[in-house]
Amino acid sequence: MILAFVEHESGLPDELSLEALSLARELATAEGVDLGAAVFGDEGAALADELGPYGVEEIHHVTHDELGGYAPEAWGESLAQLADEIESGTVVVPGSDRGHEVAAHAGATLDAPMATNCVAVEVDDAGVYELERHRWGGSLLEHARLEGDRKLVSAAEHEFPVQSADEEAVPTATEFTPSLEADHLRVRVDRVESGDEEGIPLGEARVVVGGGRGVGGPEDYDQLEELADLLGGTVGASRAAINEGWRPHDDQVGQTGAKISPDIYLACGISGAVQHMVGCKGAETILAINTDPEAAIIQKADWAVVGDLHEVVPELNDAIREQT
Amino acid sequence: MNVLACVKRVPNTGAKIVLTDDNQRIDASNLGFTMSPHEECAIEEAIQQVEAHGGSAHVLTLGPEEATEQLRTGLAMQADEATLLETDGSEWEPRATADAIANAVRGLADDGTEFDLLLLGNESADAANYQVGVRVARELGLPCVMGIKSLDVEDDTAIARREISGGEEVYEVDLPAVITVKEGINEPRYASMRAKMQARKKAIERLEPSGAAGPGTLEKIRLEAPETDDSAADVLGDGPDSVPEIIEVLESEVEVL
Ligand SMILES: Cc1cc2nc3c(=O)[nH]c(=O)nc-3n(C[C@H](O)[C@H](O)[C@H](O)COP(=O)(O)OP(=O)(O)OC[C@H]3O[C@@H](n4cnc5c(N)ncnc54)[C@H](O)[C@@H]3O)c2cc1C
């Protein structure tokens, strides 16, 4: 059996988990085995109706008196025990923070190898996985072999489209109660504090105005803020600008920052380093404003203006204001 | 309080990544090397915790002789000690890396240095295996929290915060513990020229790593630079004269105006 770890919000599976199910189903088909899902939390049992369309044949609802909130080690340990119990050779997780954390713990318990951020997996006759996975946040691909009786893989974000199965399944639902010790529960979410959110979060904005080192100082972001406001968007920044202390880290777009997918990304004074581009490659359109016609971003953008952002952006703001 | 920060040497890639002819690694001859950003923050955090609570900050890397450059960066940032687990430069599987780090931590404890806190990057910039920290923790029997963007130590407890959509999860963990950090937890300091000179004179302990992976393997075969659409942008014009063209794009092509 291929066992997929499915995250959910109040009984509705999350998007990255559904993507991971696409990979898990491919593997189950290739290996000619059943597809099972491990779900945690009180509302997990409600997932039976939700997961049938994705070809999930067995739902394993992991329950335990001590497993109320999220507890990484206990969840990973439980997932590993479940994989043992149902003799699952492969565990598939979403390429999310939790997916990776739970899988790392499960991998430690099972003493099994784990390949993260996979974008394609082929199974050969001997059951070895020939796979491709992201490196450098997705600016490189690695071809690798993953071998062993037990394996873990994570599906890279947004690489496997959510697809329902050719044949809908009617999953059986079983409860699984792991045997947990106090040590497994040393780490658990103590409390959740809500943030003081202002404006549109980067990940959700339709328009992002990005500013890099070319902006030149913190005060000049005012022009970019104004442009973002006029277009109903929000401001992002390159790592260089954040290292200068001009913007808070939350604004960072890139490999170690936010991954954005706006309708348009206006990249102002940004060179287009690979680590920046992996953060904004999800943008529908990129328009670059840069003084250097040779800048990498000009190769990668859809539209470009060669010029000084300090001259272009204020005029653009005036022109938009006049129009509206 | 003794804090260990574990870092990895990676190529300092720029706008374009070129691979070596055998497709085994990035051709770094024109790029130079750096440490992954999350790990630079792990060092900074180690130093700040020691500044706040006393004790010593230690940096460790598993890598070739040349990785002493990254250890010296750590020393220049004011880490007290550095250890190189010296390899021939070949890539180690995450499980073998974790095993080698755990063994080194045990060895240092035998020699009298016990760590209260082990900090690692959440994932390395190149391989992003997301598991070395957890595997080190599990091998040493320590609690572990990943992806932390804020850390406070009060007495024997680490209060660690992780960003989730709309807020933060707060974890309270007894020390000793392993915490993997993300960029944004702090702003790594720039080392002064003088600190860099002093760091050159500090001793670096070299140990032969002993680390093995359990059953099964994850083996790199080759790297590939994916095709990118570098079909150059449509240049709308030069400077402010192109404002009408930008408006046109915003209005008709993207329809955000
Ligand atoms: C492991 C790793 C991870 C990284 N992660 C990230 C990440 O998540 N996000 C990220 O952004 N970077 C990341 N980086 C850093 C990245 O490699 C680049 O250093 C960074 O993106 C450069 O930022 P920049 O383009 O703003 O600055 P620069 O490279 O300095 O470019 C500035 C640009 O502004 C232009 N310019 C200057 N003045 C003007 C003006 N007046 N008007 C218009 N244009 C002007 C210049 O021509 C130039 O193209 C990472 C690096 C590493 C090694």
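## Close-up views of a two-chain predicted model

**View 1. Chain A meets chain B.** In this predicted model, 84 residues from chain A and 86 residues from chain B take part in the contact (heavy atoms within 4.5 Å). The two chains bury about 7100 Å² between them, with 55% of it on carbon and sulfur atoms. Buried area here is the accessible area (1.4 Å probe) that two parts lose on being put together, summed over both. On the chain A side, look for A:Trp136, A:His143 and A:Trp303, which supply 10% of the area that chain A buries against chain B, more than any other three residues.

**View 2. Two domains within chain A.** Chain A is divided into domain 1 (2-184) and domain 2 (207-322), with bounds from an automatic or database domain assignment. Their C-alpha centres lie 37 Å apart. Four residues from domain 1 and five residues from domain 2 make up the contact. About 410 Å² is buried between these domains, and carbon and sulfur atoms give 54% of that area. In domain 1, the residues that lose the most area to domain 2 are A:Trp136, A:Gly137 and A:Ser139, together 77% of what that side buries.

**View 3. The shell around the ligand.** Because residues from chains A and B surround the ligand, the site is shared between chains.

**View 4. Polar partners of the ligand.** Zoom in on pairs of N or O atoms within 3.5 Å. A backbone N or O atom of A:Ser271 lies 2.7 Å from a ligand oxygen atom. The protein covers 83% of the 980 Å² of accessible area (Shrake-Rupley method) that the ligand has on its own.

**Notes.** Residues are numbered from 1 along each chain as its sequence is written, while chains are lettered from A and ligands numbered from 1 in the order in which they are written. Local features need pLDDT of at least 70, side-chain atom pairs count only at pLDDT 80 or more, totals for chains, interfaces and linings use all residues, and side-chain values use heavy atoms, with hydrogens and water left out.

Definitions and conventions
Near = heavy atom within 4 Å. Polar contact = N/O pair within 3.5 Å; in protein donor to acceptor, adjacent residues only side chain to side chain. Areas by Shrake-Rupley, 256 points an atom, 1.4 Å probe, with all protein chains shown as cover.
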